[in-house]
2 protein chains.
Amino acid sequence: MSFQVRFFPKNVDITLDAPATVLEAAFTAGVEINSACGGKGDCGRCKVLVEGKAESHHSDKISKEDWNRGWRLACTTRLTGDTAVFVPEESRVGDLQIYESFTAGEVSEMTPLTTANYVEVPPPTLDDNRGDVERVCASLGLDDGALHIPLDMLRDLPKIVRDSGWRITAMVDRTGRPTLLDINNWDTSGRNFGIALDIGTTTVVLALVDLRTGKVVAQASDYNKQIMCGEDVLARIAFAEDGGLERLRQLILESIDYLISQVVILSEVCRPDGRKVCREEVTAMAIAGNTTMVHLLMGLHPKQIRYDPYVSVTNVPPVYKAKELDIKIHPEAPIYFVPGRASYVGGDIVADVLSSGMHLSDKVSLLIDVGTNGEVVLGNRDWMVSCSCSAGPAFEGGEVASGMRAMTGAIEKISIDRDLNVTYRTIRDDRPRGICGSGLIDAVSEMFARGIIDKKGKIQIANGDRVRDTGDGKEFVIAFSKETKEASVSLAMKAKSGIWGAKTVQGKEITITDGDILNIIRTKAALYAACDVLLESMEMRFDDVEKVYIAGGFGNYIDIEKAINIGLLPDIPRDRFTFLGNAALGGAFMTLLSSEKRAEALAVYEKMTYLELTTSNAFFDRFTSSLFLPHTDIERFPSVKSRAP
Amino acid sequence: MSFQVRFFPKNVDITLDAPATVLEAAFTAGVEINSACGGKGDCGRCKVLVEGKAESHHSDKISKEDWNRGWRLACTTRLTGDTAVFVPEESRVGDLQIYESFTAGEVSEMTPLTTANYVEVPPPTLDDNRGDVERVCASLGLDDGALHIPLDMLRDLPKIVRDSGWRITAMVDRTGRPTLLDINNWDTSGRNFGIALDIGTTTVVLALVDLRTGKVVAQASDYNKQIMCGEDVLARIAFAEDGGLERLRQLILESIDYLISQVVILSEVCRPDGRKVCREEVTAMAIAGNTTMVHLLMGLHPKQIRYDPYVSVTNVPPVYKAKELDIKIHPEAPIYFVPGRASYVGGDIVADVLSSGMHLSDKVSLLIDVGTNGEVVLGNRDWMVSCSCSAGPAFEGGEVASGMRAMTGAIEKISIDRDLNVTYRTIRDDRPRGICGSGLIDAVSEMFARGIIDKKGKIQIANGDRVRDTGDGKEFVIAFSKETKEASVSLAMKAKSGIWGAKTVQGKEITITDGDILNIIRTKAALYAACDVLLESMEMRFDDVEKVYIAGGFGNYIDIEKAINIGLLPDIPRDRFTFLGNAALGGAFMTLLSSEKRAEALAVYEKMTYLELTTSNAFFDRFTSSLFLPHTDIERFPSVKSRAP
């Protein structure tokens, strides 16, 4: 008997020959799980999500609701067959999250999704005996009948206005016809918060925003817990088709809920007045996500997105209330989705455009968003074309053996000298644990520059210290095992004698294989070819592009020169490049705060044309031509050619 | 031991000395209750609402829900103390309802609250891969994002459009931003119905309307079941203040529900295709009601309406869904309320104005609505003033011993000749059971003309056949007991021997007392004084009034000449008077069908000024001057003066 266990989000496999607890298996696999009590089931810190063959006794550390969703204690759950395990942020050790920066364009006027309006309403008299609601409307500057009031609130309103001495704070939903979302019998106008949310296939990033000032109070990010059901959107859709839609909806809700709990805790530290923001004070949310992620959150079946002709249920979702979507902020809070253009160019890309400002400029701009998928937009204020390509997750650490996301211990910069000595820099200067996107670009660029690999990405030099055969090609060592971080073992585990003590795992070598390089080249080729096709569709060339915006989590750290060296970015003047960071979050932030930006988002949606590449021969041609370093046509990269060895 | 039982809606009291069943008590009191099985508890036809001291065993003829609301079988419920009993229409014998006519002005364009739109949606292709919702929007002629779709419906939409081969019927709520209220996968556009509803303090009238053609399918009316909790709005408010708000809400819901069940049954007969309308096909409702009735239906506390400065929670209620208000038609159906001007000039009066068309005319018009209260509006398309007066329920049969509503057996016309012989006509030529409003006006007019009463309304002639002392003044006999209808006794009851058989009640005399006449004079004086004050406020006289509209259930049958004789209506050319019938229902009907009329209703609300008469010395003066027949100032009634004996 032998079975497999896969740990997420690390995506580590382990084969077991006999039943073992999740904690034991994780330990063996080098996956770090918190276990403060040493595996006795006392501390409840080792909560994991389990999908597959596992036995567990109920624990009072886990609520009934969580239990039904598949949450278990790692230490008391026994694996007996093939299983997937998700280790959440809070149960991990050492995985410090990086708060991703984001760029938001200018918001000229504060017109947030919701407003908190303190008003002193004139009490009724015989000469002025308008109804209570009409008095409140007038104080808010609204015509009679212009304010919608939920029935329960209408029933309470007469008491509230009188209890308060006619001094109230009206929380007003401004997403459509003004709607009262709450009413308080004192001045709470200083406490109105919103959330900007970027739902990526891999990562979810959330910013808590003061809707009065437009300032970010706190930010948090985590893996999308759905990745245990499939790494890319196609896998998620397949999982939904297998009856997993509600499961996926619950997982993204859990991801969001965890992040909300994080920013709420952080708000105590970050707010100048030290007063924690409570969930009920969060009255609005603006979400940018790719079309599939938005479908899954809304509980819409994404099936049609997967099959020709690739249509979504909607690209312009209506505004719903938080309680309708089961998001735990103020129940009446409006949840706004940035509209998407198509099934594979979603609200996240429209949000990118808003952040860049390219839709307001007369300059021709190119926007590239590299996430689990790659999307490209070309255009200016008059026209826009867009497309999507299956770039693959190489730059997010996927499909590369030593790849990882840009977290503590990730190698983010690499240099290789003429003697093939490797120097690198890690995030937070921790011991290296893997290579993130910018490190991978550096690695390929440097290996190409030093002649370690050829134009096709194949390792050319003889075996030696850093080069050896893997049986399936060669690999190049970036960091030896002595340099790398040891798998952390909790003290309690170390203190245990017996077999587990003997299994202490050494740090692993960090290498790049022929196969890894091929994956990186495929990814860069797809992105470059997509840009190429868009330009051709407009009868333009890269030289005509006046601005290049680079969006996506990895974008802040890449070395443009090296990205050009490998043919990921075009060889045009370097001052045309701008990094936007997490521009999707930036765009969501802008729509949270500005009705003008929400109108612009709809205008971008209406203006943008979508090119379907999956059925495009032109794309396949350009992709094939780009499967070289930097490109089949070296004349496209004059600066690379001039530096060639 | 002795206790009182009051029967509604007849408003008959009986004192009992020993416990008795409701059926026995009703029989003794002359209140007709259906009892097909003879009081064995078998037929379930004697359902009544009981409030007070009564004991009853559960019956399988009454649902658990109804039981909890106080419904009992009259035959098996034993009264042991003071109790109120409501006998509903369906448990009454012989109380045939009159379908009240209504006048509706012209609706130039059919823009009902909801529309049923059959559309053939182009299926998606690779060249046109808009989302499902965007395709449906375009087919409906709406911009992307312009249609709100409830989340559940959005989740079902992809399957429905595909199952139907992209041919669907979209039911769209047009009250605000277009909202999908249902979607069918075949052509149901021919089946879309709405309800116009007039909620009066005493009566509820309902019309089922085909929203495609604007034709009335069926109509029904009944007492407002709330009258067992108080006859006028002040009594209802007091009941609500005593913790009875939810009870009142349930009672009006039951009244509405019963009428809906009636029109649904009638629809089978009335529809040309013979297909019964089902409740789910009723997708909209427009309601005209006085402010208190609207509050009670919405569950809003009407308390402030009763106390200085007499303000309502709102005069412009938002549109809610049927499910929110617990009205059992299509759960997503919008419920629209015609806006009211003030606490005592409600949506019913604004609906009257719509029906009359006075708000579109340059002629100065006067509108008088006589119901349980009296309301008056003066104005034209440029300006409007309104007021309300506690006219009292005399013209609806209240506060007059032999008064009754305009139903089968009501005396509606009376003549008295010089020898004091009385001739009369009853509704449906049945045996006389009482006198309705038009009959009372005739009676007073004729008694005044024949010198039976003086200017103050006091009976002047000596006792005789038709005139006698009551101990508290005199009374005049309109119909002797031999002419009047016997209390109907069910055959089964008659067959029973013993005490009940001995109690068979003879027909009662129908008389008019000094006190009755005083009540009628008070009512007419209040109405006339209210008109007077409105005219004075605009520095006008009755002669300046170019049109007089008379609204309210009683209005269709009154004799104008006799109404002028008693000083109820002003002595102006007769061709200026127009009867509108139930104009409140007519106005509700118009707003159900036309967005233009809904806009006009809001414009009337905005244009109209309200005069508070309770604090007006001018009103009290004019009222006092009007407490004569026809008026203190006889010069105001030249034609009456010229005919004076």
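Student: Through which surface do the two copies, chain A and chain B, meet?
Tutor: They meet through the same surface, because 100% of the interface residues of chain B are also interface residues in chain A. Keep in mind that this is a predicted model.

Student: OK, and how many residues are in contact?
Tutor: 40 residues of chain B are in contact with 40 residues of chain A.

Student: Which element of chain B gives the most to that side?
Tutor: That's α4(B), with 5 residues. The elements giving two or more residues there are α3 (132–139) and α4 (151–163) of chain B.

Student: What rotation puts chain B on chain A?
Tutor: A rotation of 180°, with 0.1 Å of shift along its axis, superposes chain B on chain A with an RMSD of 0.2 Å. The two copies are therefore related as by a two-fold rotation axis.

Student: Which C-alpha of chain B is nearest the axis?
Tutor: The one of B:R177, which lies 4.0 Å from the axis.

Student: New topic: what's the strand order in the open sheet of 3 strands in chain A?
Tutor: β22-β23-β24, with antiparallel pairing. β22 (467–469) and β24 (510–513) of chain A each have a single partner strand, so one side of each has no neighbour in the sheet. From one strand to the next, the twist averages 35°.

Student: And which helix packs on the sheet?
Tutor: α13 (residues 514–537) of chain A, which touches β23 and β24 of chain A. The direction of α13 makes about 65° with that of β24(A).

Student: How many bridges pair β23 and β24 of chain A?
Tutor: They pair over 4 bridges, in the antiparallel sense. As for β24(A), A:I510 is the bridge partner of A:A479.

Notes
Residues numbered from 1 in each chain as written. Chains lettered and ligands numbered in written order. Predicted model: local features only at pLDDT ≥ 70, side-chain atom pairs only at ≥ 80, totals over all residues. Least-squares fit on C-alpha atoms with pLDDT ≥ 70 in both. Contact = placed C-beta atoms within 7 Å. Pairing = 2+ DSSP bridges. Axes fitted to C-alpha atoms, helices over the stretch in contact; angles between N-to-C directions.
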